[in-house]
Amino acid sequence: MTSTDSLYFDVASTAPLHPVARQALTAALEEGWADPARLYRSGRQARMLLDAARETVAELIGARPDEVSFTTSGTQAVQLGVLGALRGRRRTGRHLVHSAVEHSSVLHTAEQHEGAGGEVTVVPVDRGGRVDAERFAAAVRPDTALAVLQSANHEVGTVQPVAETAALLGEVPLLVDAAQSIGRLPAPDGWSLLTASAHKWGGPAGVGVLAVRKGVRFNSALPADEREGGRVPGYVNVPAIVAAAASLRAVRAEAETENARLHALVERIRTRVPHLVPEVEVVGDPVRRLPHLVTFSCLYVDGEVLLGELDRAGIAVSSGSSCTSSTLTPSHVLAAMGVLTEGNVRVSLPPGTTGAQVDRFLAVLPEVVARVRAPLGLELTVPSDPPTGQLVIDALGKRCPLPVIELAKRFGEVPPGGLVVVLADDEAARLDIPAWCEMRGQAYEGETPASAYGADRGFAYSVRRVS
């Protein structure tokens, strides 16, 4: 946060420059300003910095250095990736598959492809914004050249089943737009092409990542250029790339601790907003989601007006699509999910957000929404019953019976009908937690990878309180 008087809750649009990025950028401006393609000393120095940055990014996304190219933005990375893969596989066909909730860079590129005679299939999502892996794979045809699926949604935070989907696609390459997840979560398995954007993780703006696996046919849609493996033409911004790589390493090192903290704060927002504000719906998958992002929609409210009022209260949030809200058109993501598209607010918390700051937002929001609705003369009340709760217990690194003991100690913190999720990486938890439920007459609802809660290992065991 830049000020104690203002709250910046819009890192899904762009994150503040990470301190490590600032330091690396300053140093690289001194050492890496020269042309890395030249053989004199300053050029060689710039080349060494560029190579080191490429190796860092490659390591952190699970790629080889020669598979990684740097672009001028995440949008450019998506556009070049989609068009290059389609051109590279044009002998296979001209059919493109993507989900209905992709970033506008995918939608616009698909429109251009269709306008040029290609075919596009758009795969729907469920009410939580998630695709079904089998349904996505069923859209693939013998002439499908490329499939596109984001790792996590930029508007509602829903994490997509990338690895499961990739396993069903056969020989069809999968481009994964990982702009919202890289830096917070590990890169998903199964991608053939991957794109990302540095300013989403706290790097400088103007740096995107396009990774293309060896063996994937790729033919740039732009005229040939010798730089960046022939995939991206033009001079590279070495200092900014160095800063982007340094900050990516830094945020990945901080991710496990910070994700757990932010997940708990977002859960507070998800739980409290429906109880504080009448006629509101929290959208997106409640479990398989990014740890720092939550979106809710308010009936009888213009989203842009609501954002203006929150801004005057010193709170910066977003409404609608981060890339199209200025067009005043409904969010294509929310429309595809079949949820309310009016009055939507996206809150995305930056690293370091405190509970007190979230509480301030929760205190201001009801007053602001009521003020915006006041001219309508509506009599609205919040639900009288407390909302169904959800409690996440982090027992990672603890051996059984400690995860079960933590579950028993804190189970009473949720009301009947509430959900308790235990994160554990001890194999015995898979047996002990269901057994505890059976003994106590509670409902065991199964397990999911703990990565849905921002963890880098283990499983999330869900228990519903019956009594």
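In the predicted model, an open sheet is built from 7 strands arranged in the order β2-β8-β7-β6-β5-β3-β4, with mixed pairing. The edge positions are taken by β2 (68-71) and β4 (119-123); each has a single partner strand, so one side of each lacks a neighbour in the sheet. From one strand to the next, the twist averages 20 degrees. Within this arrangement, β7 (residues 193-197) and β8 (residues 208-212) run antiparallel and are joined by 5 bridges. Leu193 has Val212 of β8 as its bridge partner.

Helix α2 (residues 41-61) packs on the sheet through contacts with β2, β7 and β8, and its direction makes an angle of about 110 degrees with that of β2. Helix α3 (residues 74-88) lies across β2, β3 (95-99), β5 (144-148), β6 (174-177), β7 and β8. Relative to β7, helix α3 runs at about 165 degrees.

A helix-helix contact is formed by α8 (residues 303-312) and α10 (residues 355-373), which pack at an angle of about 130 degrees with their axes 10 Å apart. The two helices α8 and α10 are therefore oblique to each other, and their crossing is right-handed. On the α8 side, the contact is made by Val305, Leu306, Glu309 and Leu310; α10 contributes Val364, Leu365, Val368, Val369, Arg371 and Val372. The residues of this contact comprise 8 nonpolar and 2 charged residues, with no polar ones.

Definitions and conventions: Residues are numbered from 1 along each chain as its sequence is written. This is a predicted model: local features need pLDDT of at least 70, side-chain atom pairs count only at pLDDT 80 or more; totals for chains, interfaces and linings use all residues. Side-chain values use heavy atoms; hydrogens and water are left out. Two strands pair if DSSP finds at least two bridges between them. Helices (H or I, at least four residues) and strands (E, at least two) are DSSP runs, numbered from the N terminus. Axes are lines fitted to C-alpha atoms, for helices over the stretch in contact, and angles run from 0 to 180 degrees between N-to-C directions. Contact means heavy atoms within 4.5 Å. Angles under 35 degrees count as roughly parallel, over 145 as roughly antiparallel, 65 to 115 as roughly perpendicular and the rest as oblique. A crossing is left-handed if the near helix is turned anticlockwise from the far one by less than a right angle, and right-handed if clockwise. Ala, Val, Leu, Ile, Met, Phe, Trp, Tyr, Cys and Pro count as nonpolar, Asp, Glu, Lys and Arg as charged, and the others, Gly among them, as polar.
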